[in-house]
Structures are given as structure tokens and as C-alpha cells.
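Hi,

Here is the structure I promised to pass on to you. My notes on what turned up in it follow below.

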Amino acid sequence: MGDQLSVTFRHFPLSQVHPHAWHAAEVAEAAASQGKFWEMHDTLFARQDALDDADLLKYAAELSLDSDRVSRELAGHEYARRVEEDQQSGLDSRVSGTPTFYIDGTRYDGSVALRHMLAAIRQLHPDLEPGDATVTNPRIPRVRWPRAQRTVARRRD
């Protein structure tokens, strides 16, 4: 769908279930400050069973981030407020678990299989062009998770 679709990610660490989730969210933001949010995001999801601080710093090094800076930011909780804002946004939107998806501001509770989600999007927007990343149509609303205007979401366009 190319630039006809935008995905916005919000942190919603479930620390009761995943004890390292909060620091993982913070390290993702530390990576974002060095331009590698999605690379860290993908690494964290691929290695969910190894998320203690030593692992997080190892992943930062693997991604060629400034590991000393990440270590300082993690120790100083530089991005805790950002994570708190994301979590509060989720709570305000009645999120209770992950993943939770919204399409055009409406909660999507169907299957998270890609084909089902694309079918739901195409049902709402039958004029979307299928699979051509070069197609540009600024009239098409973007898919975003609702949130307060005061913060910027991590988007993958």
C-alpha cells in the first residue's frame, strides 16, 4: 500500500507479565534518539526472552548505537516520561493488552493476521491501490492509534 498506509507504534509495557518491558521501551526510545527505533523494536521483539539491562546494552552495541549514551539514558530514565505518556494514551483509549490496533481511530478487534487486517482496511477504503508502493493518494486517511496531540508517535510509513 506504500504511502497510503501508516502504522503508529505506542509503548504499553505490561511489567506484571514482562518484568523487563519498561526498560525495553526506554531503550527503544534511546535508539530512536539515535535514529534506530525500528531496528531496536524489531530486535526486542525477536529476543523477548532476553531483555535485562545487559542484553539491552548488547543490542545497542549490535545496532552500532553509542552504548555509553544508551547506558546513561537508561540509568537516568531519560525516556520514562515518553513511555508513561504512551501507556496513559493506551489506558485512555481502553487498551488492556498488546497488541491492540486502531484503524482510522476505531478499535480493531479482528484477527491480527495481515490478510484479515488488510481486508478490514480495504473494506473501509475500497479506493486503496493494492500493493503498489509507488502509488500516492493524499486523500486516503492514514491509519493511526488515537493519542493526545502533545507528543509525537513513532511511525513506520
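**The nonpolar cores**

Setting aside neighbours within four places in sequence, Val27 is in contact with Met40, Leu44, Leu56, Val70 and Leu74. Please keep in mind as you read that this is a predicted model. Val27 is also one of the residues that touch the most other members of the largest nonpolar core, along with Met40, Leu44, Leu56 and Leu65; this core has 19 residues. Two or more residues each come from helix H1 (21-32), helix H2 (37-46), helix H3 (53-62) and helix H4 (67-75). H1 gives the largest share, with six residues. Another core lies apart from this one and has seven residues, including Ile103, Met117, Ile121 and Leu128. As a general point, nonpolar side chains in soluble globular proteins tend to be buried together.

**The aromatic rings**

There are three aromatic pairs in the count. In one of them, Phe9 and Phe37, the ring centres are 5.6 Å apart and the planes stand at 55 degrees, so the pair is tilted. Phe9 belongs to strand E1 (residues 7-9) and Phe37 to helix H2, so this pair ties together parts that are 28 residues apart in sequence. With a relative accessibility of 5%, Phe37 counts as buried. Phe37 also pairs with Trp38: their ring centres are 5.0 Å apart and their planes are at 85 degrees, so this pair is edge-to-face. Trp38 is buried, as is Phe37. Through ring pairs, Phe9, Phe37 and Trp38 are linked into a cluster.

**Backbone points to look at**

Most residues other than glycine have a negative phi, and most peptide bonds are trans.

- The peptide bond from Thr98 to Pro99 is cis, with omega near -5 degrees. Pro99 sits in the loop between helix H5 (80-92) and strand E2 (101-103).
- Ser64 is not a glycine, yet its phi is positive, at about 60 degrees. Ser64 is found in the loop between H3 and H4, and it is exposed, with a relative accessible area of 61%.
- Asp104, also a residue other than glycine, has a positive phi near 50 degrees. Asp104 is in the loop between E2 and strand E3 (106-108) and is partly exposed, with a relative accessible area of 31%.

**Confidence**

The average pLDDT of the chain is 83, and 82% of the residues score at least 70. For residues 132-152 the pLDDT is below 50, and this stretch has 56 contacts in the model beyond near neighbours in sequence.

Best wishes

Key: Residues numbered from 1 in each chain as written. Predicted model: local features only at pLDDT ≥ 70, side-chain atom pairs only at ≥ 80, totals over all residues. Heavy atoms only, no water. Core = buried A, V, L, I, M, F, W, Y, C linked by side-chain atoms within 4.5 Å. Buried < 20%, exposed > 50% of the residue type's maximum accessible area, 1.4 Å probe, protein only. Helix = DSSP H or I, 4+ residues; strand = E, 2+ residues; numbered from the N terminus. Contact = heavy atoms within 4.5 Å. pLDDT = per-residue confidence, 0-100. Phe/Tyr/Trp six-rings, centres within 6.5 Å; stacked < 30°, edge-to-face > 60°.
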